[in-house]
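Here's a quick walk through one model, with the sequence and the 3D view to hand. Keep both open as you read.

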Amino acid sequence: MFVYIISFYIYLSLALAVPTSLSPRLRDVYQFPNGTWLENIAVRSNGNVLVTAFNKAQLWEINPFNGTNSRHARLIHQFQYPGTLTGITEIDQDVFVTIASNSLCKVDLRMPEPVVNSINITIPAGTLNGMATLNDSSLAISDSSLGLIWRVDIERGIYDIMIRDNTTATSTALGPRLGVNGLRVLDGYLYYVNSPQRSFYRVRLDESGRINGQPETVAQGVLADDFAVTSSGAYLAGLTDNVITNVVVFIVDDKSMDYEAPIPSLLVPPLIFVGLLLALWTWKCFWIVVLQDKLLYLSWLPPLARSEKIADYETECKPVQWTEKQIRSLDGTKLAGNGGSTPLRLPLLSQVLRTIKEKSKSTPLFTSPSDSTEFTIVALSYRGYWTSSGRATQSGIELDAQAFLNWVSETYTAPDTDLEVILWGHSLGSAIASSATATYLSRHDGDQSSISVALFVESLELYHGNGEDCSLAGPE
């Protein structure tokens, strides 16, 4: 900062290190003698404030938690005088670097008595001013006279120009030729002000503390010198206007936006295709498991199937006549016989009986000596179908089929009757027919009746006919 005849109070500098509230409560921490030019501050780990006195080349430590008594301020070091003392920054806990007359000095406060040593590096600078720590060994230092920012490695004793562009350039807008002024580092950004331009800038840094990208403008139209920056915003100290300006700062974590392809781009399309295929297959399997009963047992198709009546198809079934019976499944569910899931199938089954009648007249196979062979087709509507109660499930349908066979055996078995039962299965009905037959035979081992398993038409359907007059025999 290079303006003339300005006296600063330490509480103004403190406002740069500690964010103010909406209604700040200000108090004097320590009063320096008039004519003292306080340039920069840094905060120790114990909360004490280090203050550089520019025109006296002095470094002071102030205890801000007590009154304004002189006992709460001590002179850390008197640098070469006449000379100047400008920027200061912490490089390790209680280890600081300060700029004394364009030379760098290390101040170690870890011992009871301060240890001050010069850093052996000479920078061809104009006027070194603000300073910030990039990493354990590197510093960013603004050169207000040359209009640039130096990058200095104090361990290796080397330096280079970090930024020199329009954002750091000098101007005489405020009188003396000045450019970039105070600077700070926070969350991977280097922040700095250009006082004559009345501008506040920042630029992203990489992990080594080097520039990564182009500078961007944070605020314009603000006359500022040094400042403090936090995650909630920046606080810029004015020059002649005696104000502190709060600037909202948006910090974006670019690391979360970085993307490195884990696989070669050539493999992306086939992997997307296979992934979609597996996702669709998984989705299908999920709903098949969840809705398997609804998908396998379509008792609601065709629409209005459960409200149809046998009488609706009497004309198509003639001369066969059908009647409805009811039985109970092994678990007590009410079942009805109708020819499957709907009377719509009755005409087809009637044709079966009509064909048997015609064959019985011309084929010896169907002619017995007593001419007393009768053919009976009995149909069962599983639970959930037509007028049967309950909901269709595999275990429930297996119980229905077993109860149905028991009912057929009890209803049509007689001492003078040679009963043969043929189960007709189709698709899933073949599994039900096979399971029902196996269960029935295991429980009726030794019975004289014969059961043959062939195909099965969607549901167990059994109808009765004698060649001229046939009727549906349903369970009771």
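Which residues have the most contacts inside the largest nonpolar core? They are Tyr 382, Ile 397, Leu 405 and Val 421, in a core of 21 residues. A nonpolar core here is a set of buried Ala, Val, Leu, Ile, Met, Phe, Trp, Tyr and Cys residues joined through side-chain atoms within 4.5 Å. Buried means under 20% relative accessible area, exposed means over 50%, and partly exposed is in between (1.4 Å probe, protein chains only).

Before going on, note that this is a predicted model: local features need pLDDT of at least 70, side-chain atom pairs count only at pLDDT 80 or more, and totals for chains, interfaces and linings use all residues. Residues are numbered from 1 along each chain as its sequence is written, and side-chain values use heavy atoms, with hydrogens and water left out.

Helix H6, strand E23 and helix H7 each supply at least two of its residues, and H6 gives the most, with six. Helices (H or I, at least four residues) and strands (E, at least two) are DSSP runs, numbered from the N terminus.

| Element | Residues |
|---|---|
| Helix H6 | 394–412 |
| Strand E23 | 420–423 |
| Helix H7 | 428–443 |

Ile 397 touches Tyr 297, Tyr 382, Arg 383, Ala 392 and Ile 432, leaving aside residues up to four places away in sequence; contact means heavy atoms within 4.5 Å. Apart from this core lies another, of 16 residues, with Val 95, Ile 119, Ile 123 and Trp 150 among them.

Now for H7. This helix has 16 residues and reaches 23 Å from its first C-alpha to its last, close to the 22 Å expected at 1.5 Å a residue (that is, 1.5 Å times one less than the number of residues). Its buried residues are Gly 429, Ile 432, Ala 433, Ala 436, Thr 437, Thr 439 and Tyr 440. Down the axis of H7 they fall within an arc of 170°, so they line one face of the helix; the arc is that of the directions from the helix axis to the C-beta atoms.

Ser 435 also sits in H7. Is Ser 435 exposed or partly exposed? It counts as partly exposed, because its relative accessibility is 25%. Ser 435 and Gln 402 are 33 residues apart in sequence and 8.6 Å apart in space, C-alpha to C-alpha.
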